Each structure stands twice: as C-alpha cells, then as structure tokens.
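Please keep the sequence and the 3D view side by side as you read.

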Amino acid sequence: MARMRDLMIDLQDEIRRGEHSLEDLARIYDVPQSWVDLAFGEVLEQERQDSDWGDVFLNEFVEEDE
C-alpha cells in the first residue's frame with residue numbers, strides 16, 4: 001500500500017512541475033490513465049484548499065442590523 005501512496009505522490013509532484021502531459025505521465029510511469037487523472041484531481045483539490053479563503057474578508061465589514 002505504501003508503494004501506491006508513493007506512486008501517487010510522485011505523480012502529483014510531476015503534475016505540479018508541469019513538464020509532461022497527463023497522457024505522457026501515464027506512459028512514463030506505466031500506469032492507467034485513470035490513476036493519473038486521480039492524482040490530477042487531488043492536486044486540484046489541494047490547490048483549491050490552499051487558496052480557499054471563503055468569505056473571511058467579507059464578514060469583516062458587514063454590519064448587523066439592530
């Protein structure tokens with residue numbers, strides 16, 4: 001199981017580098033395209049979470065009706 005986790009981390013690192021297409025990564029690592037797609041989805045999710053500030057700034061200036 002650790003080998004699969006390591007492979008997914010390697011794929012995610014390669015995706016972040018952006019030197020190869022997703023199709024190329026599947027061929028280079030000799031894995032199904034669906035695995036590369038899964039790694040790509042994880043990268044997108046991590047990037048979204050890293051940049052998701054929600055409405056933290058919007059709430060700062062909202063005045064409540066009394």
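Met 4 lies in helix α1; helices here are DSSP runs of H or I with at least four residues, numbered from the N terminus. This is a predicted model, in which local features need pLDDT of at least 70 and side-chain atom pairs count only at pLDDT 80 or more, while totals for chains, interfaces and linings use all residues. Residues are numbered from 1 along each chain as its sequence is written, and side-chain values use heavy atoms, with hydrogens and water left out.

Two residues can be set side by side for accessibility, where buried means under 20% relative accessible area, exposed over 50%, and partly exposed in between (1.4 Å probe, protein chains only).

| Residue | Relative accessible area | Class |
|---|---|---|
| Met 4 | 32% | partly exposed |
| Gln 46 | 28% | partly exposed |

The largest nonpolar core has 10 residues, among them Leu 7, Leu 11, Ile 15, Val 36 and Val 43. Such a core is a set of buried Ala, Val, Leu, Ile, Met, Phe, Trp, Tyr and Cys residues joined through side-chain atoms within 4.5 Å. Helices α1 (2–17), α2 (22–29) and α3 each supply at least two of its residues, and α1 gives the largest share, 4 residues.

Leu 7 also touches Tyr 29, Val 31 and Trp 35, not counting residues up to four places away in sequence; contact means heavy atoms within 4.5 Å.

Gln 46 sits in helix α3 (residues 33–51). Apart from neighbours within four places in sequence, Gln 46 is in contact with Gln 12 and Arg 16.
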